[in-house]
Amino acid sequence: MMGYIAPLGDAFVLLIGAVMSIAVIAGAAITFYRRKRAHLALSVIVYAASALLILYMMLAGGTAQMSIGGFMLINPFSLFFSLIFTVGILLVNIIAYAYSKDYNEFALLASFALIGMYMVAFSLSLVTIFIGLELAVLPAVFMILLSRKSLEAAAKLFVAASLSTALLSFAIVLTYGGSGTVALEQYSGAEILGFAALLFIVSLGFEASIFPFNVLLPDVYSGPPAHITSMLGGVNKKVGFAALMQVLILGFIAYRQAFILIAVLSVFTMFYGNLVALMQDNIKRMMAYSSISQAGYIMIGIAVANAAGISASLFQIFAHMFIFIGVLAIIAWLEGHGKHKINDIEGLHSENRFLSFSLALLLLSLAGLPFTTGFVGKFLIFLSSINSGMVWLAFLGIINSIISIYYYARVIAKVYTGRRVSRGIKVDRGIAAVVLTCVIITLVFGIWPLPLMHITGNAAAALFPAAGAA
Amino acid sequence: MLSSLFLPLIIVIPLLSLLALFLLGEDRSHDVVKASAVLVFIATLATVFQGSSSFILPYLASVGISLHLVVNSFNSILLIMAAIVYLAASLVGDYFIKRNRKMYGLFFLLAEASSLGVFLSYNLFMFYVFWEISEIMMFFFIFVYGGTMRRYAAFKFIIYSLTSSLLLLIGIMLIYANVNPHTFDLSLLMQSAQTIQPGMQLGISVLLLISFMIKMPVFPFHSWLPDAHTEAPTTGSMILAGVLLKFGGYGLLLLLSMLPVARHYSLYIMAFAVFSTVYSALAAIKQSNIKRAIAYTSITDMGIIAVGLAAYNALGSMGALYGMLSHGIAISLLFLIAGTLNETYNTFDINKIKGVIANFTDMTYLFIIGALAAIGIPLTSGFIGDILIFLGSYGTFGLIGLLPITGILLIGAMMLWIIERVFVSRKETEPYAEPDRSVLYSGSMLLFFSILFGIVPFILLGFR
């Protein structure tokens with residue numbers, strides 16, 4: 001297989017170095033210096049540069065892959081996820097700058113988390129995934145604690161993360177027992193590995209908000225301020241999916257039962273998320289359940305277990321990240337004005353037209369409005385599952401889309417009706433920039449999805465080395 | 001070729017008008033909408049009268065999706081009908097929509113582009129996409145500009161409609177997955193869909209059939225329509241009844257010509273349609289709300305059109321298409337007058353409005369002729385549609401095929417009863433306001449086309 005040209009490998013090392021150095025600088029900034037603005041500028045520049053670098057590697061590298069020092073692997077799949085994580089953390093930083101009282105600490109923790117996410121994305125072994133997941137989730141616990149808003153959410157996230165860690169380590173041990181290696185490669189044979197696959201689904205299910213393991217999640221999402229929720233749901237959850245895809249597709253593709261389990265759990269996840277979301281009156285809690293249901297759709301693509309399915313899931317992950325962060329940015333703005341309930345946003349249209357329109361568009365995209373990424377993602381997912389003979393799964397998924405429209409439409413309806421408050425309310429420039437970015441990406445890749453489909457297609461193909469070689 | 005240049009213009013004009021809408025102020029938005037509707041009308045006429053043409057823009061080639069627009073003998077009639085109805089609705093925008101005009105313009109233009117897109121697309125994916133967008137726009141029409149019960153009606157509408165469109169989506173994806181090579185393009189599917197296994201064909205047909213029956217609507221799935229129409233703003237009702245219901249009929253025609261197995265079960269479609277016709281005509285007689293009564297007659301007419309489609313022969317299909325044209329124009333006219341009655345008398349209640357003819361003679365004549373066209377009296381377009389449908393239906397089903405005439409008789413009686421009670425009764429109710437001139441213009445235009453297509457049907461039927 002063709003390798004990367006050397007400068008690209010160096011570029012990758014540079015990238016990790018840059019993110020680590022920003023963490024260090026952030027630490028210094030906290031110690032000596034309390035100026036937030038300079039710190040934000042620095043973070044934005046470094047993350048944007050990293051994102052551009054990853055994008056360049058992605059476009060220049062094509063389908064090539066390369067391992068660095070035998071512990072990390074650069075391929076389109078890992079580059080795709082690292083791009084998502086970088087951009088996500090960048091957007092979250094801008095939201096946090098506007099609404100967090102202690103932005104410096106947030107930025108520091110977020111950069112730690114990003115290193116963990118990179119480790120998961122680039123990992124070649126189960127151990128790196130384990131460490132990366134830990135590194136990604138623990139800073140989030142401290143972020144919630146630092147916000148001093150919700151001790152409960154921090155405790156619940158910590159409990160979930162600990163359970164996940166314990167089970168994950170057990171799964172890794174079983175895998176090592178069964179196959180004699182902790183490297184990510186295709187396992188086969190020993191029956192104990194089937195049990196290991198089950199444990200992987202359970203433990204990563206905590207991270208990826210899969211049904212029975214996500215019961216604590218809505219509390220975790222709705223407790224802390226919106227900028228932290230945007231990171232938890234927009235970026236952290238995707239780490240769980242990155243790990244789940246790598247472990248299941250690379251390691252356990254031979255274990256069909258695992259994928260049937262994923263298919264069944266995806267149905268439960270969708271129904272649980274959608275049905276409970278119907279009854280919420282707190283908009284952030286509704287978004288928490290909605291993101292659970294979206295996780296269900298993403299799982300359909302994993303259950304299909306072929307390149308088309310994974311590619312569709314990656315598309316949906318990309319779509320959902322931008323939609324979720326965009327909506328949460330708007331919610332952060334609403335919280336800034338003391339609005340938490342769905343009833344509070346009645347007549348929002350007359351207060352701020354831009355944010356009302358964006359909220360409506362992003363929610364419609366989640367519901368599946370054509371010419372937005374949310375629709376294309378879901379369409380590709382259902383198409384892949386029908387194409388591989390799982391008509392029932394697509395059918396249940398589509399039923400769920402119908403259910404979900406009700407609660408999204410309810411919010412939009414509230415925004416555009418009700419009392420008219422003629423006074424406009426200004427928006428922080430950073431929030432406006434984040435929302436605008438999310439809306440533009442949602443529309444552009446919704447109307448012209450080909451480039452993104454190409455990228456996700458490459459990324460998905462990287463998980464199926466056998467098919468690629470043939 | 002000039003015609004293939006006009007073809008995408010039909011969709012592009014409303015989208016470009018959106019730009020003008022955003023740049024100009026709130027006061028000018030109705031003007032933008034009118035100008036756009038006129039241009040679309042001209043572009044549609046130009047395209048249709050140049051004969052068959054097509055236009056392809058590759059979109060997602062890897063999954064067989066392209067923006068494939070086609071004008072042929074099937075859809076040209078529907079295109080003209082949609083352009084006329086949108087033009088008529090745009091003319092009375094000033095009168096019926098007085099708040100949030102810019103947003104109204106946005107919904108209107110998107111609805112116009114997407115409805116014409118549904119009839120034009122020769123790619124099932126795009127067919128679905130346009131279908132879905134126009135439904136969501138209609139939801140907003142009802143929700144933002146509707147009457148007092150608009151929340152309930154809008155949500156009922158959207159739940160039914162999305163159920164319908166998502167069943168359509170499953171059906172389309174099943175077709176895609178079962179043909180070789182995988183494609184959404186109708187020009188290929190018309191051949192290759194025939195080879196799908198009969199069992200699968202039956203499954204797909206059932207899904208699509210339910211979807212189209214919700215949309216048309218036909219009996220067991222019709223309950224969204226009276227509520228949606230009662231609460232929708234007048235222009236919204238005109239568009240919903242005039243254009244959106246026809247998606248179901250057009251879809252049914254595509255389904256029957258694509259999947260041979262569906263044709264074997266056409267007797268069931270016909271049975272549902274006949275029942276729907278009689279049931280809704282009886283329900284219409286019972287209504288005291290004039291808009292609701294008209295809404296029920298629209299179910300009756302769509303039932304008759306479904307009978308023509310189910311017959312699946314040249315006369316039946318042609319009659320159904322012509323019936324859709326006629327129904328679209330006539331029902332918009334009736335809803336227009338009903339809406340004007342509400343503006344002038346502040347009520348839709350048949351028992352509270354008396355003697356309209358004493359005050360507004362022109363509106364009375366518009367309503368009477370609209371009602372005659374809806375029933376299918378000779379010299380109106382409705383007659384041509386009905387006669388073709390029943391000839392076709394008699395050809396396929398025999399005497400049973402003539403059963404829906406009962407429905408026509410019933411709505412005829414109902415219409416005359418409404419005319420007698422509301423328009424020409426001796427008693428007189430004092431109106432609160434004068435109607436706007438635009439109602440007269442819009443109504444006369446609809447009337448003109450209804451009679452034109454009734455007297456000289458061959459200007460449209462000649463395409464075949």
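About 3,000 Å² of area is buried between chain B and chain A, and carbon and sulfur atoms give 84% of that area. The model is predicted. The contact draws on 34 residues of chain B and 33 residues of chain A. The largest pocket has a volume of about 1,300 Å³, and elements of chain A and chain B supply its lining.

**Interface between chain B and chain A**

- B:Tyr59, B:Ile170 and B:Met173 supply 19% of the area that chain B buries against chain A, more than any other three residues.
- On the side of chain B that touches chain A, two or more residues each come from β1 (53–60), α6 (124–145) and α7 (150–178) of chain B.
- α7(B) gives the largest share of that side, 14 residues.
- Sorted by class, the side of chain B that touches chain A holds 28 nonpolar, four polar and two charged residues.

**Largest pocket**

- The lining of the largest pocket is made of 42 residues.
- Nearest the centre of this pocket lie A:Phe357, A:Leu361, B:Leu18, B:Leu106 and B:Leu110.
- From chain A, α14 (353–367), α16 (391–416) and α17 (429–447) each supply at least two lining residues.
- From chain B, α1 (2–23), β1, β2 (65–71), α5 (101–120) and α6 each do likewise.
- Seven residues, the largest share of the lining of the largest pocket, come from α5(B).
- The lining of the largest pocket divides into 34 nonpolar, four polar and four charged residues.

**Second largest pocket**

- The second largest pocket has a volume of about 440 Å³ and a lining of 28 residues.
- A:Tyr99, A:Lys149, A:Pro225, A:His227 and A:Glu335 are the lining residues that lie nearest its centre.
- Two or more residues of this lining come from each of α4 (103–122), α5 (126–147), α9 (226–251), α11 (283–304) and α12 (307–336) of chain A.
- α12(A) provides the largest share of the lining of the second largest pocket, four residues.
- By class, the lining of the second largest pocket has 12 nonpolar, eight polar and eight charged residues.

**Cavities**

- Five cavities of 30 Å³ or more are counted by the rule.
- The largest cavity has a volume of about 130 Å³.
- Fourteen residues line the largest cavity, and A:Leu364, A:Ala367, A:Ile405, B:Ile136 and B:Leu162 lie nearest its centre.
- α14 and α16 of chain A, with α6 and α7 of chain B, each give at least two residues to the lining of the largest cavity.
- The lining of the largest cavity consists of 12 nonpolar residues, one polar residue and one charged residue.

**Salt bridges**

- Side chains of opposite charge can pair when their charged atoms come close.
- Over all chains, a search of the whole structure finds 12 salt bridges.
- A:Asp219 and A:Arg285 meet through their side chains in a salt bridge, at 3.0 Å from N to O.
- This pair links distant parts of the chain, with A:Asp219 in helix α8 (residues 217–222) of chain A and A:Arg285 in helix α11 of chain A, 66 residues apart.
- Helix α11 of chain A also gives two or more residues to the lining of the second largest pocket.

Terms used: Residues numbered from 1 in each chain as written. Chains lettered and ligands numbered in written order. Predicted model: local features only at pLDDT ≥ 70, side-chain atom pairs only at ≥ 80, totals over all residues. Heavy atoms only, no water. Contact = heavy atoms within 4.5 Å. Buried area = accessible area lost by both parts, 1.4 Å probe. Nonpolar A, V, L, I, M, F, W, Y, C, P; charged D, E, K, R; others polar. 1 Å grid on protein atoms, 1.4 Å probe; cavity = no way out; pocket = protein on both sides within 12 Å on 5 of 7 lines; lining within 4 Å. Points joined across faces, edges and corners; volume = space filled by probe spheres on them. Salt bridge = Lys/Arg side-chain N within 4 Å of Asp/Glu carboxyl O.
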